[in-house]
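Please view the sequence and the model together while reading the points below.

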Amino acid sequence: MRSNGTGRVSVSGDSWQCAGLRWSRTGPALAWLHPVHGARTSPLPPGRALAFTTGTRRACVGVRRGGRHTACPLGAEVPGTAVSAQCPDCARLDRSHSVAADTALDDPRPYDVYLAWFGPGVIKVGITAAEREGVRLLEQAALSYALLGRGPLMAARRAEAVLGAALDVPDRFPYAAKRAARHPLPPQALRTAELAALHERARGLDGLPDSLAVRDFAPVHHDDAFHLDRLRPGHGLVGLSPGRTISGRVTAVAGPDLYLDAPDGRLLLVDTRQLAGWALSAAAPGAETTAAVRPPEQAGPEALF
């Protein structure tokens, strides 16, 4: 996998395996794994051309922890429609020491409690390591968010539980609800008003831990990061299977969702959670997309996210 100088991402043979989409403060990028050359990333700025063909099977991506990757010892095959690109054994290993799974309660790092806005009335509470500086909100495709407070892990977990019990604020939504709410892009004023009202109610709760340093309201908007103003109605969700080609130019990226303008004029939506695990080879620039494309509402059951 390499950039050939024209902005088109090239993948050198079937030995490069896509590991999904990674966010950082500098933007989104596709991640790649190679048994010899290790891990690399390809940035996904608006306008970048992508053209690739899937290999013969989708394989488990193994476990990534602390910035290090451990390959799946079985090279297990993963169903093409699965949201997760891990086999059951690697998934269990991944969750054996995980804050999200409540199996890493000894984590000494400070944690932020956030309120994330995805659409009108679609606001969730969550926690993220403070050192990640909001990247978790980019990964979740939050259109806007505001920090409520910062403190030790257990204090952050307690605050999350208090908001759920006292204000009925959930800690997750079906991902389809988030996807459906982003077009047309709701105005920042609406997002700010809803976040501010909930932030004020949350700050007034009696049950917040004393060790949580409550923050003043300061909304953060992801318009410049996601470029969702470039979207138009009528996108189709790409279905992945062996030997299928996907081609287009990057229009927008939100969380794990990659939007491409196809050469035939269609707007394609690639869920990179399902792209992870496939070996990809380069296709000709402007190649026809031969992967199945269907309306998002026909995508089947969605995981909570």
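The model is a predicted one: local features need pLDDT of at least 70, side-chain atom pairs count only at pLDDT 80 or more, and totals for chains, interfaces and linings use all residues. Residues are numbered from 1 along each chain as its sequence is written, and side-chain values use heavy atoms, with hydrogens and water left out.

**Overall composition**

- The protein chain holds 7 helices and 19 strands; helices (H or I, at least four residues) and strands (E, at least two) are DSSP runs, numbered from the N terminus.
- Of its 305 residues, 50% count as buried, where buried means under 20% relative accessible area, exposed over 50% and partly exposed in between (1.4 Å probe, protein chains only).
- Among contacts between residues at least 6 apart in sequence, 68% join residues at least 24 apart; a contact means heavy atoms within 4.5 Å.

**Helix α3 in detail**

- Helix α3 has 15 residues and reaches 21 Å from its first C-alpha to its last, close to the 21 Å expected at 1.5 Å a residue; the expected span is 1.5 Å times one less than the number of residues.
- Its buried residues are Leu153, Ala155, Ala156, Arg157, Ala159, Glu160, Val162, Leu163 and Leu167.
- Asp168 follows α3 and has a positive phi, near 60°.

**Nonpolar cores**

- The largest nonpolar core has 59 residues, and Leu163 and Ile246 have the most contacts inside it; such a core is a set of buried Ala, Val, Leu, Ile, Met, Phe, Trp, Tyr and Cys residues joined through side-chain atoms within 4.5 Å.
- Helix α3 (residues 153–167) supplies the largest share of this core, 6 residues.
- Beyond residues up to four places away in sequence, Leu163 touches Leu115, Val125, Leu148, Asp168, Val169, Ala202, Leu205 and Leu208.
- A second, separate core of 9 residues includes Phe118, Val122, Ala142 and Leu147.

**Ala142**

- Ala142 is found in the loop between α2 (135–139) and β11 (144–151), and its relative accessibility of 0% makes it buried.
- Leaving aside residues up to four places away in sequence, Ala142 touches Ala116, Trp117, Phe118, Leu137, His222 and Phe226.
- The C-alpha atoms of Ala142 and Ala116 are separated by 5.7 Å, although these residues are 26 residues apart along the chain.

**Aromatic rings and charges**

- The structure holds 1 aromatic pair; rings of Phe, Tyr and Trp (its six-membered ring) pair if their centres lie within 6.5 Å, and planes under 30 degrees apart count as stacked, over 60 as edge-to-face and the rest as tilted.
- Trp23 and Phe226 form this pair in an edge-to-face arrangement, 5.5 Å centre to centre with 70° between the planes.
- Trp23 lies in strand β3 (residues 17–24) and Phe226 in helix α6 (residues 223–226), so the pair ties together parts that are 203 residues apart in sequence.
- Trp23 is buried at 8% relative accessibility, and Phe226 is buried with a relative accessible area of 1%.
- The charged end of Lys178 sits over the ring of Phe118, 4.2 Å from its centre; this requires NZ of Lys or CZ of Arg within 6 Å of the ring centre and within 35 degrees of the ring normal.
- The charged end of Arg273 sits over the ring of Tyr175, 4.5 Å from its centre.
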